[in-house]
Structure formats: C-alpha cells, structure tokens
Amino acid sequence: MTTYQHVYVHVPFCARRCVYCDFSIAVRREVPASAFTGRVARELALREVTAHGVDTLYFGGGTPSRLGGEGLADLVRQVASLCPLSHGAEVTVEANPEDVNLANARAWAAAGVNRVSLGVQSFDPRVLAWMHRGHDAARVQRAVDALREAGIANLSLDLIYALPVGLERDWSRDLDAAIALRPNHISCYGLTVEPQTPLGRQVSRGTESPSPEEAHELEFLATHERLTRAGFDHYEVSNYALPAFHSRHNSSYWSGVAYLGLGPSAHGFDGVERRWNRRALAAWERDVDASRDPLEGAERLSADQHELERVYLDLRTTRGLLTRATDAPMISSWMAAGWATGHGDRIRLTPLGWLRLDALVAALTDHRSRY
C-alpha cells in the first residue's frame, strides 16, 4: 500500500463563478462547512489509504476560504489529525481576498496553516468586474496585512494575463502592484478559453475576442523579465518564487511522486495508477454518504505514457531533463534556436522554449521512440 506524503483537498464552494472558470465548483450563499468536513474525513476512512509523515497539505478549490475562519480551521485540523504531518510541513490554503480578515487569518494560523495563495488575478477594477471577482486592490492590501499580522508570512499571489484585447488591461501595472506587496511567490497563468465557461460562450457568440497568440507570448516574456529582475526565480512555466519559497506541494506534482486527492473532482496518483473523484459535489456527497468510494475514473499509465509525462514534467521546470546520447541532434537545434540551455547531462528550456513546450515534448518523445 502506498504511503502518501502529499495530500490535496478540493473545497468546491464559491460565492460566484468567474467568467473563465471551468473547475468543479458549487456556488453557495451558505456553506455547509461542518457537513463537508465530516464527509472529507469519511472519504479518507472509506479509501483505506495511509498518509503519515505528510510533507505538504494543500486546500484548493473552489474557494477554501469560503468555509470561514473556524470552518476552514476545523477542516485543516481534521485532515491533519488523519494524515499526520511531518515537522515543518507546508500547509497551504487558497483564499480570495474578500474572505480574509484578521480573525479568520488567526484561526487558520492556529490550525497550522503556514502558507496562503491569494486569488488576486488583477488590480484593475474594470478587469476584476469583467472576471466577476468580488474584491478590489484595497481589499488585497488588507488581506495581505491581516495574514502577516496573524503570523502567516509565506504568501503567494495568483495573476492572470493574456486577457481579451478589448479590456485594454495594463499587465505591467499589475505586475508592479503585485511586487509592491512583497509576496514570497507569484503564479502567473495565461488565460485559457474553455468552451463550457461564460467566456467560452461569449467567444463562441462573437461578443468577446481572445488575446492573440502574439500578445500572449509578449506578456509571458515580459513577466519573466520583470519578475526575475525583482529577484524571483522563474522555476516552473507559470511560477516564480523568492529563494527558498518554491511551492513544495506543486513541485511534488512536477516530480511525478505519489499524492492523495480528497473531495469532489480531486485527482490522485499512487505511483502507478491515476484516479479522480466524482466531479459534481452532489454525486460525491451521495457516494460518501452511502459508504462508497467516490471514484469516477482511473487509468494505469503505459510505459510510453510514463515516458511522455516524465519528459513533459521535467521540461516544464528548471530541474530540466536528463538527456540521452541519441538526443544530441535535436537538443543541439533547440540550443541554437535559444529554446534550451545545457547543464551537464541535463537541459533546461528557456522562456522561449517554454512557449513551445508542447511541441518540443512531442518532437523529443517521437525522436526517442525511434531509438
């Protein structure tokens, strides 16, 4: 039986659905925090898995902070009691700025939360209104101040770039505002238009135009330049951190190690097989209440799938990929084009290479399949 050292808990509750969101969420005015916590504990018992010496515990969503101060604190304590943490474990909570006040932050800190990822996305009021976000720039500042006063000093900010051109968003201004808050970590994601989202329907109707590819590339490269100049390490395609503040939980995914997923739509991996839970909250609740494993699907990776995934995960981080002698012709062409750099027997993609990540992974795995 696999012993998990990395645990993810999906908390689906949100106050509203953002225009771009394709995640498994449940919009609720009143959040059933106690009932949800009980069901997460029950799922863990039903699954009969072992998790101890847990190094990272991550509460994502959805919006975990919608559980409130004591509601989220109780969930953290319950899961940590069932999945004992190692000394110095990283315990992360995703939060929206409007849910963060000093009382809530103190409750989370007392329960063991030592890292918070704030869903900022932008500091521009027009952009936030278009996204259907519930905060403004002043609220972000108050949230950061409350978290620090409560003793949660490890802060990450999420931002989204490559927005529709009609918004005339000033990306450089948002980056400057984020840096001014002195976070330890910043995640920057290019907007993806998913078909079943409000944005996807707007694009389909022709009432909204996505950002052109050229603009996406320019903003990605500008982000790299601005944040690395400010002292952040661009350690993964979408992630930047000050020294010693890389996300340990997310890094476990990119390393291909086992992790346990709990809650609706949560994914997990035992080293051999991937599994994912019921996506809809109601379906997950019915299974757990009926003492059934809320499994929706699973797949066992083939050797070729393992190889493809390993290449992809290694190339998306600054850890880089261990090369083979037969890779030399292709790797040399990448380096000549400025897409990769050599580091002993490993290569790392440059930002220009990361912009071509999917194509480079496909080309290399196809090349390797011939040898």
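Predicted model: local features only at pLDDT ≥ 70, side-chain atom pairs only at ≥ 80, totals over all residues.
**Aromatic rings**

- The count of aromatic pairs comes to 6.
- One of them is formed by Tyr8 and Tyr58, whose rings are stacked, at 6.1 Å centre to centre and with 25° between the planes.
- This pair links distant parts of the chain, since Tyr8 is in strand E1 (residues 3–11) and Tyr58 is in strand E4 (residues 50–61), 50 residues apart.
- The rings of Tyr253 and Tyr259 have centres 4.7 Å apart; their planes stand at 65°, so this pair is edge-to-face.
- Tyr253 has a relative accessibility of 24% and therefore counts as partly exposed.
- Tyr259 has a relative accessible area of 13%, so Tyr259 is buried, because buried means under 20%.
- Phe13, Phe36 and Trp284 are joined into a cluster by ring pairs.

**The sheet E12-E13-E14**

- An open sheet is formed by 3 strands in the order E12-E13-E14, with antiparallel pairing.
- Strand E12 (267–269) and strand E14 (295–300) are the edge strands, and each pairs on one side only.
- On average, neighbouring strands of this sheet are turned by 15° against each other, direction ignored.
- Strands of a sheet pair through backbone hydrogen bonds, in a parallel or an antiparallel manner.
- E12 and strand E13 (residues 273–277) run antiparallel and are joined by 3 bridges.
- Phe269 has Arg274 in E13 as its bridge partner.
- Phe269 and Arg274 are also related through their side chains: the charged end of Arg274 sits over the ring of Phe269, 4.0 Å from the ring centre.

**Backbone exceptions**

- Most residues other than glycine have a negative phi, and most peptide bonds are trans.
- The peptide bond from Gly61 to Gly62 is cis, with omega near 20°.
- Gly62 is found in the loop between E4 and helix H2 (69–82).
- Glu168 is not a glycine, yet has a positive phi of about 50°.
- Glu168 lies in the loop that runs between strand E7 (154–161) and helix H6 (171–180).
- With 65% relative accessibility, Glu168 counts as exposed, because exposed means over 50%.
- Ser291, also not a glycine, has a positive phi of about 60°.
- The loop between helix H10 (281–289) and E14 holds Ser291.
- Ser291 counts as partly exposed, at 36% relative accessibility.

Conventions
Residues numbered from 1 in each chain as written. Heavy atoms only, no water. Phe/Tyr/Trp six-rings, centres within 6.5 Å; stacked < 30°, edge-to-face > 60°. Helix = DSSP H or I, 4+ residues; strand = E, 2+ residues; numbered from the N terminus. Buried < 20%, exposed > 50% of the residue type's maximum accessible area, 1.4 Å probe, protein only. Lys NZ or Arg CZ within 6 Å of the ring centre and 35° of its normal. Pairing = 2+ DSSP bridges. Axes fitted to C-alpha atoms, helices over the stretch in contact; angles between N-to-C directions.
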